[in-house]
Amino acid sequence: MVYTRKNQARLTSTEKRRFVNALLELKRKGQYDEFVRTHIEHYVSDGESGLRVAHMTPSFLPWHRRFLLEFERALQRVDSSVSVPYWDWTVDRKPSSSLWGSGLMGGNGRRSDRQVMTGPFARRNGHWTIKEGATAGDFLMRDFGRPDNPIALPTKAELARAMRDPVYDTPPWDSTSAKGYRNKLEGWTSRSGNAKWRNHNRVHRWVGGHMLGGASVNDPVFWLNHAFVDLLWDRWRARHPRSAPYLPAEPTGADNGPLHGHVAARHEAMPPWGVTPDELLSHRGIYRYG
C-alpha cells in the first residue's frame, strides 16, 4: 500500500504523537543510533579515499532516498501508520513555526550550552541521550540562526536557482562542481563565510548544534529536512523531463584526481545496501507526497 509523506505543518496532533513515539521507541531499542552510525561512516569528504556516496557526490540524492526508506521501514515496524513528514524550509522559516512545538521537534537550545530544553527530545526527559558523535555532552544541541555568526534559512529564490539548472550533475562530481542541480541543491560553493552554504547545507547550518557534520542524524529534524530534499528531486525531474535523471551515466574511473576520489555511476552499487542510483530513481508504489 502506498503511504503519504505529509508536510509537517499539516500533521494532526495524533500524527505528531505517533511519529514522535515511534522515534522514541527506535531510540529506546538502540536502533536509532545505528542510523546515526551509518551516516557518520558514509560521510566521506572531498580528498578522502574510497567511494563517496552520501555527500559531495552525485549519489547524494539516491543514497539519502534509500536511507530515508530504511528509516521509514524501521518506524513502520513500530507503528505502521507512521511516515516521515517533510519540512518546507522556504515557508516555515521561524523558530516559532509549528515544527518546533513541544509536540513535534521541540525548540531551540539554550544560550549557555545550546542544550534543547523543550519537547520530546530534551535530555531532561530521559529519552534522548546522544551516544554517537557526542562532543560537548550527551544532550541534543541546537543553535537556531547561529546568532554568534548569523545565518538565515534558504529563500524561495535561492531554491529556484537550483531548480532551474537542467543538468543533474557535472564534473568533477564533488563539492566544487560549479554547475549541476545536485550540488546547487546540496549547497556547496566556493564563496567564503556564510555565503558558502546554500539550500540543504544552509538548513543544517541554521539549525546548528548536532545538525553540523556527519552526526547530524542525532537531531530528528534531519529526516524532515531530507524528506523535503527528496521531494525537491521529484519536482526537478518533473520540471526537466528530457534531462538525464542521474549523472554520471557511466563509471568515471577509479580516481577522478587527487581531490575527488571515486563516485557512483548510475549502475554502480552504493554501500551499505548494494543498490544502484538507477534503482532509486522511482519510488512509485512505495510512497507519495501530500
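**Exercise 1. Find the polar partner of Asp174 and describe its surroundings.**

Step 1. The side chains of Asp174 and Thr176 are joined by a polar contact of 2.6 Å. A polar contact is a pair of N or O atoms within 3.5 Å; within protein, one must be able to donate a hydrogen and the other to accept it, and residues adjacent in sequence count only if both atoms are side-chain atoms.

Step 2. Note the source. This is a predicted model, in which local features need pLDDT of at least 70, side-chain atom pairs count only at pLDDT 80 or more, and totals for chains, interfaces and linings use all residues. Residues are numbered from 1 along each chain as its sequence is written, and side-chain values use heavy atoms, with hydrogens and water left out.

Step 3. Asp174 sits in the loop between α4 (156–164) and α5 (181–186). Helices (H or I, at least four residues) and strands (E, at least two) are DSSP runs, numbered from the N terminus.

Step 4. Check burial and charge. Asp174 is buried and has no salt bridge. The nearest side chain of opposite charge is Arg52, 4.9 Å away. Lys and Arg count as positive and Asp and Glu as negative; His and the chain ends are not counted. Buried means under 20% relative accessible area, exposed over 50%, partly exposed in between (1.4 Å probe, protein chains only). A salt bridge is a side-chain nitrogen of Lys or Arg within 4 Å of a carboxyl oxygen of Asp or Glu.

**Exercise 2. Count the salt bridges in the whole structure, then work through examples.**

Step 1. The search finds 22 salt bridges.

Step 2. Take Glu15 and Lys6. Their closest N and O atoms are 2.9 Å apart. Glu15 is partly exposed at 31% relative accessibility. Lys6 is partly exposed too, at 23%.

Step 3. Take Arg37 and Glu132. The N to O distance of this salt bridge is 2.8 Å. The pair links distant parts of the chain, 95 residues apart: Arg37 is in helix α2 (residues 31–42), Glu132 in the loop between α3 (60–78) and α4. Arg37 is partly exposed, at 36% relative accessibility.

Step 4. Take Arg266 and Asp278. Their closest N and O atoms lie 2.6 Å apart in a salt bridge. Both residues are in the loop between β3 and β4, so the pair ties together parts 12 residues apart in sequence. Arg266 has a relative accessible area of 23% and is partly exposed. Asp278 is partly exposed at 27%.

Step 5. Look for a network. Salt bridges link Arg5, Arg65, Glu72, Asp230 and Asp234.

**Exercise 3. Identify the residues of the positive surface patch.**

Step 1. The patch gathers Arg161, Arg164, Arg191 and Arg239. Patches are made of residues with over 30% relative accessible area and no salt bridge: like charges are joined within 9 Å, nonpolar side chains (Val, Leu, Ile, Met, Phe, Trp, Tyr) within 5 Å. The place of a charge is taken as NZ of Lys, CZ of Arg, CG of Asp or CD of Glu. Accessible areas come from the Shrake-Rupley method with a 1.4 Å probe; for residues, only the protein chains shown count as cover.

Step 2. Inspect one member. Arg239 belongs to helix α7 (residues 221–239). Its relative accessible area is 48%, so Arg239 is partly exposed.
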